[in-house]
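Work through these exercises with the model open beside you. Each task is followed by its solution.

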Amino acid sequence: MLNLYSENNHEIVLFHDFGTEAMVQANQVVIINNGEAMLLDPGGHKVYAPLFAELSSMVKPNGLKHIFFSHQDPDIIAAANGWLMVTEANAYLPSLWTRFITHFGVDKFAVHRILPIPDEGQTIKVGEVDLKVIPAHFLHSAGNFHVYDPVSKTLFSGDMGASLGMPYMEVQDFDAHIQYMEGFHKRYMASNRAIRIWIKTIEKLDIENIVPQHGAIMKGRENSRKFLNWIASLQCGTDIMPDSWDIPE
Ligand code: FE
C-alpha cells in the first residue's frame, strides 16, 4: 500500500500486492475527497476481499460512491458484480463495453448502475472535486479512459506507463526503467498515432505524477516528462507488425 496524497480532506491510496504469482501485477487506487470515495480499476475476484476490507477501514459504509473501469479487461472488471452488490456505488465504463462485461455476470438489479462513458469523456464529481475522465482510446483497449485528478495533479494512466517485473514501486532512474516497460508497450499499444493523439490531449493538463495500473509510479514532473518524451516516439502495435503472417503449419 502506498499513500500517494493526503491534504485538505483529499486522500489517494494505491494498493499493489493483492494478487497472486500467476496474475499480472495490478494496482488499485482509491481517491477520497471529503469522505466520498472513487475506486479505480478494482481488479478481479482474488483482489476483491482484501481490497474491500482495506476500504472499510478508510471510508464509511456507503462512502464508496463511484467505481471507475478504464476498460474491459478481467484485471479491472472481473469483480464488478461483487462491488455493485455490496455497495450503492455507480460504476463508469467505456460505452463500447457496457454490453460485453455483463457476460461476467452482473445481476439485473445492479446493471443499471453501470453508466456508459461517452467516447469524448466526462467529469465525475467526487466529494468537492471534479475528476476528469480523459479519452485514451486504443491504448490499449479500443474504448479506454484515464482519470486526471486536478488536486494532486496526477494522471491515472491505466496501461500507459505500465511496467512489469521490477523490484520497486517508484521509478527513480527513468532510463534504467525503460526495460520494464518497452516490451509491454510495443505489443499492447495499438499504434504511434494513438499515442500522439493521447499526448496532444493530455498536454492540456498540468501533470505532476503518472500512476499506471501495473507496476511502478512516476512521481514528479521530471520522470513524468521523461516518460512522455519516450513514449511519444515509440513505434508499436500496427507500426511494427509484419506485412503479413505466415500460415501456421
Ligand atoms: Fe488491459
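**Exercise 1.** Classify Asn-8 as buried or exposed, and locate it.

Solution. Start with the area: Asn-8 has a relative accessible area of 72%. Apply the cut-offs: buried is under 20%, exposed over 50%, partly exposed in between, with a 1.4 Å probe and protein chains only. Asn-8 is therefore exposed. Now locate Asn-8: the loop between β1 (2-7) and β2 (10-15). Helices (H or I, at least four residues) and strands (E, at least two) are DSSP runs, numbered from the N terminus.

The model is predicted: local features need pLDDT of at least 70, side-chain atom pairs count only at pLDDT 80 or more, and totals for chains, interfaces and linings use all residues. Residues are numbered from 1 along each chain as its sequence is written, and side-chain values use heavy atoms, without hydrogens and water.

**Exercise 2.** Inspect the backbone of Asn-8, Lys-153 and the bond between Leu-139 and His-140.

Solution. First, the background: most residues other than glycine have a negative phi, and most peptide bonds are trans. Asn-8 is not a glycine, yet its phi is positive, about 45 degrees. Lys-153 also has a positive phi, near 55 degrees. Lys-153 sits in the loop between β10 and β11 and is partly exposed at 25% relative accessibility. Next, the peptide bond: Leu-139 and His-140 are joined in cis, with omega about -5 degrees. His-140 lies in the loop between β9 and β10 (145-149).

**Exercise 3.** Which atoms coordinate the iron ion, and at what distances? Classify the arrangement.

Solution. List the donors: His-71 (NE2), Asp-73 (OD), His-140 (NE2) and Asp-159 (OD), at 1.9 to 2.7 Å. Donors are N, O and S atoms within 2.8 Å of the metal (3.2 Å for Na, K and Ca); water is not among the atoms, so sites may look incomplete. Read off the sequence spacing: H-x1-D-x66-H-x18-D. His-71, in the loop between β5 (64-68) and α2 (74-77), and Asp-159, in the loop between β11 (154-156) and α5 (174-177), are 88 residues apart and link distant parts of the chain. His-71 is buried, at 0% relative accessibility. Asp-159 is buried too, at 4%. Finally, the angles: the 4 donor atoms subtend 76 to 165 degrees, so the arrangement is irregular. Four donors count as tetrahedral if all angles lie between 85 and 135 degrees; four count as square planar and six as octahedral if opposite donors are over 155 degrees apart and all others between 65 and 115; anything else is irregular.
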